[in-house]
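This report describes one protein model, with attention to its salt bridges and to selected individual residues. Please consult the sequence and the structure while reading.

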Amino acid sequence: MKASSFLRLAAAPGVLAIAAFAAPAFAQTPNNPSPTADCPDADADGVCDTDTTPTNADGSSQTSGSIIVTGSRIARPTIDSPVPVTSVTTEDILSQGDLSLGDALNDLPALRSTFSQSNSTRFIGTAGLNVLDLRGLGTSRTLVLVNGRRHVTVSPGDYTVDVNTIPSELIDRIDVVTGGNSAIYGSDAVAGVVNFVLKRDFDGLRLTGQGGVSSRNDRGSYFGALTWGKNFADGRGNIAVAGEYSKSDALKSTQRDYLSGAFSGRNQFNLDTDTTLDVRGTNGIIDNQFFNNIRNNNISDGGLLSAVCNSTLLTNQSRCIAGATAAAAFPTRYIFRPDGSLVQNVTIRDLRLVGSNNAVGGEGSTLSNYGDLIPDIERMSVNLLAHFDVSDAFRPFVEAKFVRLNVFSESSPSFFQGSVPGFFGGGSDFRCDNPFLTPGAYATLQSIGRCGTAPYGAANAGVITFIGRNNVDLGVRNEDNRRDTYRIVGGFEGDFNDDWKYEVA
């Protein structure tokens, strides 16, 4: 009994498997009867074909009028290019309302904001420029093209391109390529190429304008453009003219204290630890840290000077800073206040021990007398585009422009700064006979090792004095730039023999 029970249990799964496998051989669906003479069976699968063609109310069949086109034949460089291409339109770039084409492009991940409107004043003569920098490899390694051709520079003695001289109203798209171009264009394309493709068939009249201010009711910006274009000769020819005007007011550093630290001190990364302990930074201590209230410890608006410090005075904190050593005898700094008094520049942390001229806290200078975060910029431009297709093999064209850029930027005051041993011929390194020197300031100078014997003295002859002063009473330095850019390109291009293309410009 036990044996027969075992056999029945073992055989049951095999029977079920055979039945499950054989079921489709004789099963038929009610909607698909066996084929007959009146039932078509084109695929010879033993099942009547089902007609899925939709019918009209009168029983006639419907045919679809829609045509589906895939994107495989759309002429876009992002599809057939052997290297990655980022292609954007001006609508995508300028939809945020930015008047600066360069600032808008700098939002792309591939570009670094080396020269934007907000930091164009980093060097003398560069105020107002927008120069592109792909991958942060340098502006001299980023090539800017217009319709595949090089563009004239706006900076004398250079070949960099201010992209704000390119008419935004006539741009069709912008192609950004970040590799593989130096073999074609040379070393100025090591980082990549940014190509501005202009519209060829603008037809109609377009008037554009915008204006606005910041949320703090400053930094007003205004833009206006008039563009006209006309197709002629059955679309074989086109001419387009665009005039643009834009104006952006200056933004002072004192208007954005949280950005510039004009009053509260700068917010920035600064060297904090002694990197000579481990140049690879593997000691677990972060060498660069973020600080608030950073101020200069080598210059001030009223004047800054150093005390006399040497290896025998290391514990005298009126002469030497805390932490000074015989090898690094850093003197204490003193500052003249507006009332003429001379006081020690008491800081939260003196960063000179790690080779920095900054300090956290104190009364050193910030950017309170530094002029602009963004300069005052006015731009006017006129652009002409024209072409006529005589045939596929001969298409003459012309591109012409004039751009005037007026930029006014205020910078920092002039200053005096330096270390002076034996400043005057009397043997002392610091002169103390100034009639504006108050008795209290004079006494302080004597207490820190200066002014040994009036007026010159020789008590500390040859000891280096560090002094620094912003000449705020002489005003601030500024730049008033006018840049006129002319560009005229003429030539012809064509296609022939199905696989030949040429261009002469």
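Does Arg404 count as buried, partly exposed or exposed? Arg404 counts as partly exposed, because its relative accessibility is 25%. The model under discussion is a predicted one.

## Overall architecture

The protein has seven helices and 23 strands. It comprises 505 residues, of which 38% count as buried.

Among contacts with a separation of 6 or more, 64% are between residues 24 or more positions apart.

## Salt bridge between Arg404 and Asp484

The structure holds 22 salt bridges. One of them joins Arg404 to Asp484, with the closest N and O atoms 2.8 Å apart. Since Arg404 belongs to strand S19 and Asp484 to strand S22 (residues 476-496), the pair ties together parts that are 80 residues apart in sequence. Asp484, at 27% relative accessibility, counts as partly exposed.

Asp188 forms a salt bridge with Arg150, and the closest N and O atoms are 2.5 Å apart. This pair links distant parts of the chain, 38 residues apart: Asp188 is in the loop between helix H5 (182-185) and strand S5 (192-198), while Arg150 is in strand S3 (residues 149-150). Asp188 counts as buried because its relative accessibility is 12%, whereas Arg150 is partly exposed, with a relative accessible area of 43%.

Asp389 forms a salt bridge with Arg200, the closest N and O atoms lying 3.8 Å apart. The two residues are 189 residues apart and link distant parts of the chain, with Asp389 in the loop between strand S18 (376-388) and strand S19 (395-413) and Arg200 in the loop between S5 and strand S6 (204-212). Asp389 counts as buried at 18% relative accessibility; Arg200 counts as partly exposed at 36%. Both residues belong to a network of salt bridges that also links Arg395, Glu493 and Asp495.

Cys309 is located in the loop between strand S12 (304-306) and strand S13 (333-336). Its relative accessibility is 15%, so Cys309 counts as buried. Beyond its neighbours within four places in sequence, Cys309 is in contact with Leu314, Arg319, Cys320, Ala329, Phe330 and Pro331. A separation of 7.8 Å is found between the C-alpha atoms of Cys309 and Thr332, which are 23 residues apart along the chain.

Asp92 is part of helix H3 (residues 90-94). Its side chain makes a polar contact with the side chain of Thr89 at 3.0 Å. The C-alpha atoms of Asp92 and Arg173 are separated by 9.4 Å, although these residues are 81 residues apart along the chain.

Key. Residues are numbered from 1 along each chain as its sequence is written. This is a predicted model: local features need pLDDT of at least 70, side-chain atom pairs count only at pLDDT 80 or more; totals for chains, interfaces and linings use all residues. Side-chain values use heavy atoms; hydrogens and water are left out. Helices (H or I, at least four residues) and strands (E, at least two) are DSSP runs, numbered from the N terminus. A polar contact is a pair of N or O atoms within 3.5 Å; within protein, one must be able to donate a hydrogen and the other to accept it, and residues adjacent in sequence count only if both atoms are side-chain atoms. Buried means under 20% relative accessible area, exposed over 50%, partly exposed in between (1.4 Å probe, protein chains only). Contact means heavy atoms within 4.5 Å. A salt bridge is a side-chain nitrogen of Lys or Arg within 4 Å of a carboxyl oxygen of Asp or Glu.
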